[in-house]
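Subject: Structure for your review

Hello,

The structure is pasted below, and my notes on it follow. Please read them with the structure open.

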Amino acid sequence: MSHRPPSGLAAVSAALLAMSRHLEVRDVLKTIVASARELLDAEYAALGVPDDHGGFAQFVVDGVSDEQWKAIGPLPRQHGILAAMLHEARPERLADVRKDPRFEGWPAAHPDMSDFLGLPIRDGDEIIGALFLANKRCPKPEGSCGFTAEDEELLAILAQHAAIALTNARLYERSRELTIAEERSRLAHELHDAVSQKLFSLRLTAQAATALVDRDPARAKGELHQVAALAAEAVDELRAAVVELRPAALDEDGLIATLRTQIQVLDRAHTARVTFESLGVRALPAAQEEALLRVSQEALHNALRHSGAEHVDVTLARHGGGTLLRITDDGSGFEPMATRQAGRHLGLVSMRDRASGVGGRLTVESAPGKGTMIEMEVPGG
């Protein structure tokens with residue numbers, strides 16, 4: 001008799017909703033595996049995404065500790081039961097995987113497994129992964145399989161939705177890569193224009209100083225001071241652009257550490273004082289963290305290059321049921337409602353699109369001579 005948590009339908013619904021919440025491929029894989037293990041009440045679950053070289057590009061497990069996983073060693077190859085699921089594209093339900101003639105053993109640190117249920121994950125005719133479980137938590141009469149035909153049907157439903165979630169996550173990541181490439185191209189073009197102008201001015205001023213050095217040394221000295229100032233501005237432009245062109249370390253460091261590092265570099269690169277403060281913010285979904293980072297970069301760009309601000313302050317804080325990013329400066333300010341051109345020039349449309357794209361909102365407060373405050377609020381955190 002199948003052993004299943006009493007709220008079977010609710011558990012399926014919860015699993016599918018959890019899978020739909022994530023956009024990052026790694027997060028989707030982890031959610032699928034954890035949902036499958038919980039739903040079918042198994043000790044172990046895993047999902048492998050095959051590569052083209054007989055191995056796995058990604059392999060996610062649930063029910064195995066980090067220490068066990070490290071002790072197990074390298075990722076498995078496509079052999080035995082795993083290869084059968086991938087190449088023959090059929091479910092495998094076994095009373096004891098160790099007694100199957102295709103079983104080829106496992107590393108010493110690998111947990112002992114008996115009953116086994118595995119299915120390929122298909123996107124049309126393509127096999128994009130294999131999802132499997134082992135050791136169902138239920139009484140097992142000698143020689144019988146803990147997993148039932150009903151379990152197999154349930155896992156098949158989960159595998160179908162896993163294919164959709166995984167395909168959507170891949171499309172999202174591809175779209176994000178293209179967006180990042182477009183941003184880097186825009187920044188590189190902006191860097192070229194800004195630095196080229198500075199270097200052109202620097203060259204003309206140096207030529208003027210050379211022409212004046214004999215007949216008017218005092219004026220030549222003034223021109224040379226201007227050369228030094230233009231060179232310093234060019235260095236500032238380069239440093240700031242390098243910070244923006246460098247890929248954000250969100251995956252490794254998270255939003256707070258990434259923001260702090262970039263703002264420290266901007267503070268050193270510019271004459272304006274740039275500060276950052278974080279107040280009680282927890283980790284956010286990856287899409288929200290990226291949107292907050294990009295909005296902060298755009299707002300900092302405006303404040304440091306266009307406003308003439310002496311102080312720019314960035315705060316990330318919990319606010320009600322969400323997270324609030326605030327960037328304030330004491331620069332020249334502008335009239336937000338006065339002209340559409342100003343909004344386009346300062347990237348306000350882009351910032352609003354980023355905020356709304358992750359369920360947030362953007363507000364802008366500014367006035368000529370009164371500085372600017374930009375706030376972006378997102379749910380969660």
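In these notes, a residue is buried when its relative accessible area is under 20%, exposed when it is over 50%, and partly exposed in between (1.4 Å probe, protein chains only). This is a predicted model, in which local features need pLDDT of at least 70 and side-chain atom pairs count only at pLDDT 80 or more, while totals for chains, interfaces and linings use all residues. Residues are numbered from 1 along each chain as its sequence is written, and side-chain values use heavy atoms, with hydrogens and water left out.

The chain as a whole

The protein chain has ten helices and ten strands; these are DSSP runs numbered from the N terminus, with helices being H or I of at least four residues and strands E of at least two. Of its 381 residues, 44% are buried. The chain exposes about 20,100 Å², and carbon and sulfur atoms supply 53% of that area (Shrake-Rupley method, 1.4 Å probe; for residues, only the protein chains shown count as cover). Taking contacts in the chain with a separation of 6 or more, 62% are between residues 24 or more positions apart; contact means heavy atoms within 4.5 Å.

The cores

A nonpolar core is a set of buried Ala, Val, Leu, Ile, Met, Phe, Trp, Tyr and Cys residues joined through side-chain atoms within 4.5 Å. The largest one has 33 residues, and Val 312, Leu 325, Leu 362 and Met 376 have the most contacts inside it. Elements giving two or more residues to this core include α7 (250-269), β6 (273-279), α10 (348-357) and β10 (372-379). Helix α8 provides the largest share, eight residues. Apart from this core lies another, of 29 residues, with Ile 32, Leu 39, Leu 155 and Leu 158 among them.

Beyond its neighbours up to four places away in sequence, Met 376 touches residues including Ala 291, Val 295, Leu 325, Ala 355 and Leu 362.

Glu 375

Glu 375 lies in strand β10 and is buried, with a relative accessible area of 14%. Its side chain makes a polar contact with the side chain of Arg 326 at 2.6 Å. A polar contact is a pair of N or O atoms within 3.5 Å; within protein, one must be able to donate a hydrogen and the other to accept it, and residues adjacent in sequence count only if both atoms are side-chain atoms. Leaving aside neighbours within four places in sequence, Glu 375 is also in contact with other residues, among them Leu 324, Arg 361 and Thr 363.

Helix α2 has 16 residues (25-40), which should span 22 Å at 1.5 Å a residue; its end C-alpha atoms are 23 Å apart, which agrees. The expected span is 1.5 Å times one less than the number of residues. Its buried residues include Val 25, Ile 32, Arg 37 and Leu 40.

Most residues other than glycine have a negative phi. Asp 41 is not a glycine, yet its phi is positive, about 55°. Asp 41 sits in the loop between α2 and β1 (42-50) and is buried, at 14% relative accessible area. Ala 89 also has a positive phi of about 55° without being a glycine. Ala 89 is in the loop between α4 (80-87) and β3 (92-94) and is partly exposed, at 24% relative accessibility.

Gly 321, in the loop between β7 and β8, is exposed, with a relative accessible area of 72%.

Regards
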